[in-house]
Amino acid sequence: MSGALQRPAVVSRVSDLIGRTPLLELAATETGSRLLLKLEMYNPTGTAKIRMARAMIDAAEAAGELRPGGRIVESTSGNTGLGLAVIAAERGYTFTAVVDHHACADKLRGMQALGTELVYVVDDGTAELATAAREELAEDMAHGRDNTVFTEQHNNPANDVGYFPVAHELHEALDGKIDVLIGAVGTGGALCGTGRELSRLVSGFTVIGVEPKGSIAFGGPAHDYHQSGTGTPEGAEIGALVDFDLIDEGVKVGDVEAFATCRAVARTGLLIGGSAGGVVHEALTRLPALPPGTTMVALVNDGGEKYMDTVFNDEWMRDRGLLDAEAERNIDELLTKLRGNR
């Protein structure tokens, strides 16, 4: 296996384990096209976002904005917060996460276990997504305070830079053979950061962005959605890192299809998160029509272990009208057919 995917035998910090995540061939066609999943859940905290968490803190330190004993403040639905919690713990910072009850409970519990102070933007238990309110409160909490940084992930250039290593890992592992890069669009950092750096290494590949139906980055209509940690809800500004010139095509996948895909993929032995389900759904449905010999890489930004109470809970799914046996069966059948070609 390529050296890019090999981790050192012994490290001295948890953050030294970031990166060098594996690629899994999930499906293939009779014409030699294949879908590879970049399994970012093999980073510490089970998510890609620890990559950009470290990069944002590195940048704040380099700029002199964050010094020993300082405080980090961020608005987060969970995965960015988990990454910042690890970096804060390693470097002796205090971390305050501004959250809402839309986040998966396991992510919130994980941040607390790592020493994070949680501040709820609404504290009545309402499970609505409150991105704009979170951002405003986080900014207010950091404003004017010495040695305190609001990392502002949606507009922080270091978010983008944090994913540059993904491009190098893909390039090395695949010897430059990448035709399609597909990923979720939330802050825009993961897909656009990877795509921007990859364009320096590889030419002629297509970038496809996926957001939930109800998100507004690729147009309306806006409505509530249950895929956490992705998309741009109504009332929130599209992040500065979403590069529409870089993204060749933006598509939307509904919660039913995304979560049905998570549940179907789980029956192959792999647990993926809710927004990753949307990405994999779009990738699987496109794969059969791709030109022969196409290599498509899907960024799987977190695993499914944090979603046992939601995506993988029949009662939770049923209560929200998201449990759809036919949708799962369709993905099961497509997976069975395509996996037989590997």
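1. Let's start with a term you'll need throughout: a residue counts as buried under 20% relative accessible area, as exposed over 50%, and as partly exposed in between. L17 has 30% relative accessibility, so L17 counts as partly exposed. Keep in mind as you read that this is a predicted model.

2. Stay with L17 for a moment. Its place is the segment before β1 (23–28). Together with V11 and V14, L17 makes up a nonpolar patch on the surface. The accessible area of V11, V14 and L17 together comes to about 190 Å².

3. Exposed or buried, then, for E136? E136 is exposed, because its relative accessibility is 51% and the cut-off for that label is over 50%.

4. Now for the cysteines. A disulfide is a covalent bond between the sulfur atoms of two cysteines. How many disulfides does a search of the whole structure find? The count is 0. C104, for instance, is in no disulfide, and the nearest cysteine sulfur belongs to C262, 11 Å away. C192 is another buried cysteine, with a relative accessibility of 0%.

5. On to salt bridges. Side chains of opposite charge can pair when their charged atoms come close. The count for this model comes to 24 salt bridges. One of them joins the side chains of D302 and K107, at 4.0 Å from N to O. Which parts does this pair tie together? D302 lies in the loop between β10 (295–300) and α10 (314–319), while K107 lies in helix α3 (residues 105–113), so the bridge links parts that are 195 residues apart in sequence. Have a look at the cover, too: D302 is buried because its relative accessible area is 2%, and K107 is buried because its own value is 0%.

6. K252 lies in strand β9 (residues 249–253) and E211 in strand β8 (residues 206–212), so here the bridge ties together parts 41 residues apart in sequence. The two ends get separate labels: K252 is partly exposed, as its relative accessibility is 23%, whereas E211 is buried, with a relative accessible area of 1%.

7. The last pair is R263 and D314, whose side chains form a salt bridge at 2.5 Å, N to O. Since R263 lies in helix α8 (residues 255–266) and D314 in helix α10, this bridge ties together parts that are 51 residues apart in sequence. R263 is buried because its relative accessible area is 10%. D314, by contrast, counts as partly exposed, because its relative accessibility is 36%.

Methods:
Residues numbered from 1 in each chain as written. Predicted model: local features only at pLDDT ≥ 70, side-chain atom pairs only at ≥ 80, totals over all residues. Heavy atoms only, no water. Buried < 20%, exposed > 50% of the residue type's maximum accessible area, 1.4 Å probe, protein only. Disulfide = S-S within 2.5 Å. Helix = DSSP H or I, 4+ residues; strand = E, 2+ residues; numbered from the N terminus. Patch = residues over 30% accessible without salt bridge, like charges linked within 9 Å, V, L, I, M, F, W, Y side chains within 5 Å. Areas by Shrake-Rupley, 256 points an atom, 1.4 Å probe, with all protein chains shown as cover.
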